[in-house]
Amino acid sequence: MGKKELKTNAMRMLEKLKIPYEYMTYECDEFISGIDTADMNGLPHEIVYKTLVTTGKSGEHYVFVLPIEAELDLKSAAKAVGEKSVEMLPFKEITKVTGYVRGGCTAIGMKKKFPTVIDSSASKLDAIYVSGGKIGMQLKLKPDDLKKAAGAEYADVIARI
């Protein structure tokens with residue numbers, strides 16, 4: 001029997017929506033940072049984005065997609081989703097909330113659909129890389145296609161230094 005094709009929820013959802021994407025896999029068994037992922041795969045840092053999950057004051061969860069070198073500005077993030085405040089979801093809760101593991105979390109195909117915000121810097125790029133839904137996999141797609149697949153909005157949510 002041939003090797004089973006690697007398909008994640010994110011990939012199945014993109015195919016269902018007829019959204020074109022490319023994927024790449026790499027050797028990695030545990031969480032590594034987005035910067036390490038980019039370096040390992042020879043990708044420019046500016047086009048690799050990470051997915052962060054937060055909890056708002058209301059108890060609702062929110063997803064933010066931002067450049068790997070950037071920090072999430074919690075005040076801007078809260079404002080973007082209409083919350084008084086948001087805080088990072090503890091790592092130990094990521095799988096329970098999203099269905100994905102830390103380092104393999106992507107805004108597409110989570111267990112439940114959460115309000116999602118992509119930093120507006122992505123809208124200026126032709127393509128970005130995001131996690132493919134498991135450790136060791138990256139998806140390359142157009143930012144507007146990610147926005148469509150995740151039901152996301154663009155907003156300025158990164159800390160300006």
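Let me start with the disulfides, for which the count comes to zero, and please keep in mind throughout that this is a predicted model. The cut-off is a pair of cysteine sulfur atoms within 2.5 Å, whereas the sulfur of C28 lies 15 Å from the closest cysteine sulfur, the one in C105, and that is too far for a bond. Where do these cysteines sit, buried or exposed? C28 is buried, with a relative accessible area of 14%, and C105 is buried as well, at 8%.

Now to helix α1, residues 9-16, whose buried residues are A10, M11 and L14. Seen down the axis of α1, these buried residues fall within an arc of 95°, so they line one face of the helix. In general, an α-helix has 3.6 residues a turn, and therefore residues three or four places apart point the same way. The cover over the buried residues of α1 includes β1 (22-25), β7 (137-141) and α5 (143-150), and just after α1, K18 takes a positive phi of about 55°.

Finally, consider strand β5, residues 116-119, from which T116 and I118 point one way while V117 and D119 point the other way, with all of them buried. Strand β3, residues 61-67, runs parallel to β5 and is joined to it by three bridges, and β5 is likewise joined by three bridges to strand β8, residues 153-155, again running parallel. V117 takes part in both pairings, as the bridge partner of F64 and, towards β8, with E153 as its partner.

Methods
Residues are numbered from 1 along each chain as its sequence is written. This is a predicted model: local features need pLDDT of at least 70, side-chain atom pairs count only at pLDDT 80 or more; totals for chains, interfaces and linings use all residues. Side-chain values use heavy atoms; hydrogens and water are left out. Buried means under 20% relative accessible area, exposed over 50%, partly exposed in between (1.4 Å probe, protein chains only). Helices (H or I, at least four residues) and strands (E, at least two) are DSSP runs, numbered from the N terminus. The arc is that of the directions from the helix axis to the C-beta atoms. Contact means heavy atoms within 4.5 Å. Two strands pair if DSSP finds at least two bridges between them.
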